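Hello,

Here is the structure I promised to hand over. My notes follow below it.

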Amino acid sequence: MMLRKSIPRCGPPRSLWRVPWLLTSSCIFCLCLTFFLGQVGLLQAHPQCLDYGPPFKPPLHLEFCSDYQSFGCCDQRKDHRIAARYQDIMDYFDLRGHELCGRYIKDILCQECSPYAAHLYDAENPRTPLRNLPGLCSDYCSAFHSNCHSAISLLTNDRRLQGSQEKTGAHFCHLLNLPDKDYCFPNILRNDHLNRNLGVVAEDHQGCLQLCLTEVANGLKNPVSMVHAGDGTHRFFVAEQVGVVWVYLPDGSRLEQPFLDLKSIVLTTPWIGDERGFLGLAFHPKFRRNRKFYIYYSCLGKKKVEKIRISEMKVSRADPNKADPKSERVILEIEEPASNHNGGQLLFGLDGYMYIFTGDGGQAGDPFGKFGNAQNKSSLLGKVLRIDVNRAGSDGKRYRVPLDNPFISEPGAHPAIYAYGVRNMWRCAVDRGDRITRQGRGRMFCGDVGQNRFEEIDIIVKGGNYGWRAKEGFECYDQKLCHNASLHDILPIYAYGHTVGKSVTGGYVYRGCESPNLNGLYIFGDFMSGRLMALQEDRKTKKWKKQDICLGNTESCAFPGLISTYSKFIISFAEDEAGELYFLATSYPSAYTPHGSIYKFVDPSRRAPPGKCKYKPVPVKTKSKRVQFRPLAKTVLDLLKEQSKKGARRFSSATLASSPDRASSRKGSSKKPASPTSSRKIPRGSSAKKRARVWSPGPQGKRRKSLRTHSGRVSQSAQRRRASRSLPWPFLSRWPTRGHATGKPPLHVEGAAAERGP
């Protein structure tokens with residue numbers, strides 16, 4: 001029986017229901033709201049389980065509900081529980097009852113395992129009660145009632161359904177009716193259109209991957225980096241461009257006191273597009289033992305010479321969530337001839353060495369020297385450096401050069417260089433490798449920001465020349481240098497033109513547990529256009545195919561806690577200690593405006609089996625107060641609810657306006673009906689007002705809703721809370737004026753950026 005909340009009964013007798021204008025306004029509102037909520041329900045008819053999560057592939061064979069052993073909502077434990085309930089029910093039947101009713105009862109019980117269980121039980125919207133029995137197609141329902149109506153009282157404790165046991169099948173089946181006939185049982189099993197690609201990443205007609213997001217953090221000032229310490233605590237550390245690093249705990253809360261505050265040292269400004277600032281953070285592979293981490297930031301040296309500085313620091317012994325400000329040891333400093341192209345990535349490879357990614361020095365076209373900094377092996381600019389931070393060098397340096405560095409014996413070449421010919425690699429990542437086969441483990445992916453025409457994705461190889469400034473992407477940039485370039489230059493695995501985007505932000509190969517479909521996808525984005533993209537490797541040809549990522553429509557993302565919008569300017573990507581993938585973005589490109597957010601990717605088509613991805617964080621003592629996370633982004637379910645309310649109000653207003661009595665009674669009235677809350681654009685600038693938003697409980701797995709199963713029957717208890725709540729720093733080359741960069745942040749780009757809305 002459908003257990004939606006009952007519609008309030010109206011005053012007028014049934015004889016008056018034939019006269020529309022005699023209905024009370026409350027009745028009209030109830031009717032039209034029910035209508036529009038029904039429309040929302042139709043939009044949400046997609047694979048979803050009773051726990052509000054996507055279906056999964058059971059790790060073990062299902063012995064009872066075997067129709068759903070390849071994909072559904074039951075693991076072996078739940079399958080055994082349903083089988084036990086089936087046996088309890090069948091004990092009431094004789095042999096003939098077994099023959100007539102056994103298959104019906106099994107089918108009905110096993111719909112909890114269906115990938116469409118949430119729709120069959122009316123559970124897609126967590127704000128509505130569950131059905132006691134799944135939605136059955138009329139012919140199947142009639143046959144069941146005709147042969148086995150005595151089983152109804154054994155299958156459900158709902159009095160209205162039990163009361164229909166002795167009535168006609170039409171009455172009983174009306175209670176179990178679903179408005180969309182394709183999704184009732186057993187039609188759902190026969191619908192090839194719905195089941196053909198069940199469990200794979202959904203794609204639109206243009207091949208765009210339909211993913212969703214959860215909001216993880218907000219209110220950040222240009223968050224440039226998010227990393228974990230690899231110490232089992234599952235904390236993550238978020239660095240802001242101004243030089244402040246925050247600690248986020250596994251429960252989603254943030255510590256009130258920052259992990260590190262270098263605002264007084266870090267060089268940055270509120271100028272739109274200023275690339276200087278705190279740019280990189282990496283924890284030592286043996287951090288748990290030595291408490292060491294490394295930072296990369298812009299600063300002023302003697303005589304106000306601009307530099308990039310790479311330093312080693314330690315975490316305080318007194319507080320594991322605070323850096324020791326007196327522990328800084330400068331590892332390396334490099335003078336910067338211009339304010340842009342500062343690089344900023346620090347990584348530790350599988351070999352234990354630290355990799356440093358520097359920019360070419362700034363301005364446009366790498367104009368320094370005969371060949372530019374990137375091709376000059378005596379310069380540390382435009383390079384990938386590899387150093388050993390565990391040992392001091394013989395010349396007094398606080399690092400040692402690995403003996404197998406490719407240019408250690410080349411005269412005139414700096415021995416720390418590992419690869420060269422890069423322009424401004426922004427965000428690189430080491431592939432963890434497949435969780436089972438380890439394939440791909442150790443590969444280093446980078447996004448290299450282009451000049452005027454192309455953005456590229458590279459895989460870093462020892463001794464590789466990545467072509468800049470001779471080449472940009474696959475094409476020549478400096479014709480003279482290009483024609484004299486080596487045939488052994490390393491080409492990108494993928495490059496795209498400026499019709500797609502104007503500033504690549506490198507990402508990660510997904511190796512997490514929660515979204516198995518994404519395994520092996522290299523996911524990245526573009527800072528200026530806000531586009532999300534993925535590369536998939538063809539293992540036979542070694543070629544990479546690109547697909548766009550589209551945040552799923554309302555149908556795909558209609559899960560609790562999921563959102564389908566994000567701030568446009570994609571600054572960085574990240575993975576947590578468990579390997580789940582995130583990206584950091586802002587709605588306004590200034591280091592001093594708190595409009596930055598962090599989002600987590602979710603595949604709504606398939607998840608890992610329950611329990612597979614659980615981990616137990618190592619406890620960490622906290623001395624600072626915890627600030628609980630308060631989402632700002634509206635969830636898809638909230639948006640759907642708002643749309644249905646707006647539609648209901650329009651429908652109600654139109655109906656009342658058409659009523660002669662109502663229309664006349666409204667004449668002379670100056671009161672206007674309350675309009676639903678609408679989302680307003682936030683004015684750009686640091687003085688922008690926060691918009692009021694409605695939020696719902698956080699990501700799946702942390703909902704304040706519980707499902708209890710008693711003797712196989714699903715009931716629902718919930719406490720719901722609702723509350724009202726209230727252009728990024730691109731590299732100069734990222735802006736439309738990149739071909740005319742002067743080394744000073746362009747002050748005219750706000751309007752240009754505003755034209756490229758999300």
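The side chain of aspartate 79 reaches the backbone nitrogen of phenylalanine 64 at 3.0 Å. A polar atom of that aspartate 79 side chain also lies 2.7 Å from the backbone nitrogen of cysteine 65. Polar contacts here are pairs of N or O atoms within 3.5 Å; within protein, one must be able to donate a hydrogen and the other to accept it, and residues adjacent in sequence count only if both atoms are side-chain atoms.

A word on the source. This is a predicted model: local features need pLDDT of at least 70, side-chain atom pairs count only at pLDDT 80 or more, and totals for chains, interfaces and linings use all residues. Residues are numbered from 1 along each chain as its sequence is written, and side-chain values use heavy atoms, with hydrogens and water left out.

Back to aspartate 79. Its place is in helix α2, residues 76–90 (helices are DSSP runs of H or I, at least four residues; strands are runs of E, at least two; both are numbered from the N terminus). Aspartate 79 is buried yet has no salt bridge. Lysine 106, the nearest side chain of opposite charge, is 7.9 Å away. Buried means under 20% relative accessible area, exposed over 50%, partly exposed in between (1.4 Å probe, protein chains only). A salt bridge needs a side-chain nitrogen of Lys or Arg within 4 Å of a carboxyl oxygen of Asp or Glu. Lys and Arg count as positive, Asp and Glu as negative; His and the chain ends are not counted.

Now the whole protein. It has 15 helices and 32 strands. Of its 758 residues, 56% count as buried.

Last, arginine 438. It sits in the loop between β15 (425–430) and β16 (444–448).

Best wishes
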